[in-house]
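Colleague: Before we go further, I would like each label in this model set against its definition. Could we take the terms one at a time?

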Amino acid sequence: MSERKIAVVTGASSGIGAAIARDLAAHGYHLILGARRLDKLKEVGTPFGADCRHLDVTSEQSVTEFCTSLNTVSVLVNNAGGALGLDSIENAVEEDWQQMYDTNVLGLMRVTRALIPALEAANPGHVVNIGSIAGREAYPGGAGYNAAKFAVKAITQVMRMEWLGRPIKVTEVAPGMVETEFSLVRFKGDEERASKVYSGLTPLSAADVADAVVWSVTRPPHVNIDEIVMKPLAQASATMVSRT
Ligand code: NDP
Ligand code: 8X3
């Protein structure tokens, strides 16, 4: 068994989750990484000796298997998630909404619920939920994703309240525009549409978000960072950006 503190990152096969995993490893943590694409996950985690495990956060059985033998966990980053579509409510695709809720909301609940004893055993444990500015302000076409990320904000607040007096810290990191596979997934593989999201401005990088996560989990034991909202300089809100 490793002497190092253990950190679990869901959705670590790309983007923000991969960057968080690399940064936590550089800060001395032993990483347990989960995602559905095990090949991509191993490309991320093998260089720093991570334990890469298949995980589908929408499946209770997968979550149970993933959490097997995790008895002490210092950091859990609930990162797995994303958006599907940018459709108006009248054109809403029910399966997209179900998938977004199942991943961003129920998935976060499933993994957290399974690991509460291990987080408490770490004394202190720390849960970092990756929210979004989409959980702070709604925008046209965003309703399904907005609802899911507003839920992440609410759940984070309830964790703080329910665990008060127990040794589990809780943080939400809520970024604006970050260039990852996010838009490619949202637009279902349409590369041209995805790249337009980031054209003419400098978005946040996944490493920028990882920096905030690592800062929040490396504060002194008595300090809890409740939330961090971060956006590129060129973005004032979900719908207001400055492009050259
Ligand atoms: P990516 O699409 O690059 O990464 C999403 C990650 O989630 C992948 O590793 C994917 O792995 C994983 N994932 C998706 N579904 C599941 C599932 N059912 N079970 C396990 N893992 C899953 O996007 P980002 O890195 O940008 O997104 C990471 C988080 O950041 C998400 O919660 C997103 O909502 C949030 N966010 C993103 C922003 C952005 O602009 N990019 C801004 C604000 C928040 P795999 O497919 O291998 O399972
Ligand atoms: C991603 C940010 O503004 O595209 O969570 O919803 S946004």
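Colleague: Which element gives the largest share of the lining of the largest cavity, and how many residues is that?

Modeller: The largest share comes from helix 4, which gives 3 residues; a helix here is a DSSP run of H or I with at least four residues, a strand a run of E with at least two, both numbered from the N terminus. This is a predicted model, in which local features need pLDDT of at least 70 and side-chain atom pairs count only at pLDDT 80 or more, whereas totals for chains, interfaces and linings use all residues. Residues are numbered from 1 along each chain as its sequence is written, chains are lettered from A and ligands numbered from 1 in the order in which they are written, and side-chain values use heavy atoms, with hydrogens and water left out.

Colleague: What makes a space a cavity, and how many of 30 Å³ or more are there?

Modeller: On a 1 Å grid over the protein atoms alone, a cavity is a set of points where a 1.4 Å probe fits but cannot get out, and its lining residues have an atom within 4 Å of a point. By this rule there are 2 cavities of 30 Å³ or more. The largest holds about 70 Å³, and its lining has 13 residues, with L84, G85, D87, W97 and M100 nearest its centre. Helix 4 and helix 5 (143-162) are the elements that give two or more residues to that lining. The second largest cavity has a volume of about 30 Å³ and is lined by T10, V57, N78, N79, A80, T103, G107 and L108, with helix 4 again giving the largest share, 3 residues.

Colleague: Why does R110 count as buried?

Modeller: Buried means under 20% relative accessible area, exposed over 50%, and partly exposed in between, with a 1.4 Å probe and protein chains only. R110 has 11% relative accessibility, so this residue counts as buried. R110 lies in helix 4 (residues 94-122), and, leaving aside neighbours within four places in sequence, this residue is in contact (heavy atoms within 4.5 Å) with V57, T58, S59, E60, V63 and D102. A polar atom of the R110 side chain lies 2.8 Å from the backbone oxygen of V57.

Colleague: And why is A138 called exposed?

Modeller: A138 has 58% relative accessibility and therefore counts as exposed. This residue lies in the loop between strand 5 (125-130) and helix 5, where, apart from neighbours within four places in sequence, A138 is in contact with N146 and F150. The C-alpha atoms of A138 and K42, 96 residues apart along the chain, are separated by 36 Å.

Colleague: How do you know that the buried residues of helix 2 line one face?

Modeller: Helix 2 (residues 38-45) has L41, V44 and G45 as buried residues. Seen down the helix axis, the buried residues fall within an arc of 85°, so they line one face of helix 2; the arc is taken over directions from the axis to the C-beta atoms. On the other side of helix 2, D39 and E43 are exposed. The buried residues of helix 2 are covered by elements including helix 1 (15-26), strand 2 (30-35) and strand 3 (51-54).

Definitions and conventions: A polar contact is a pair of N or O atoms within 3.5 Å; within protein, one must be able to donate a hydrogen and the other to accept it, and residues adjacent in sequence count only if both atoms are side-chain atoms. On a 1 Å grid over the protein atoms alone, a cavity is a set of points where a 1.4 Å probe fits but cannot get out, and a pocket is an open set with protein on both sides within 12 Å along at least five of seven lines; lining residues have an atom within 4 Å of a point. Grid points are joined across faces, edges and corners, and a volume is the space filled by probe spheres set on the points.
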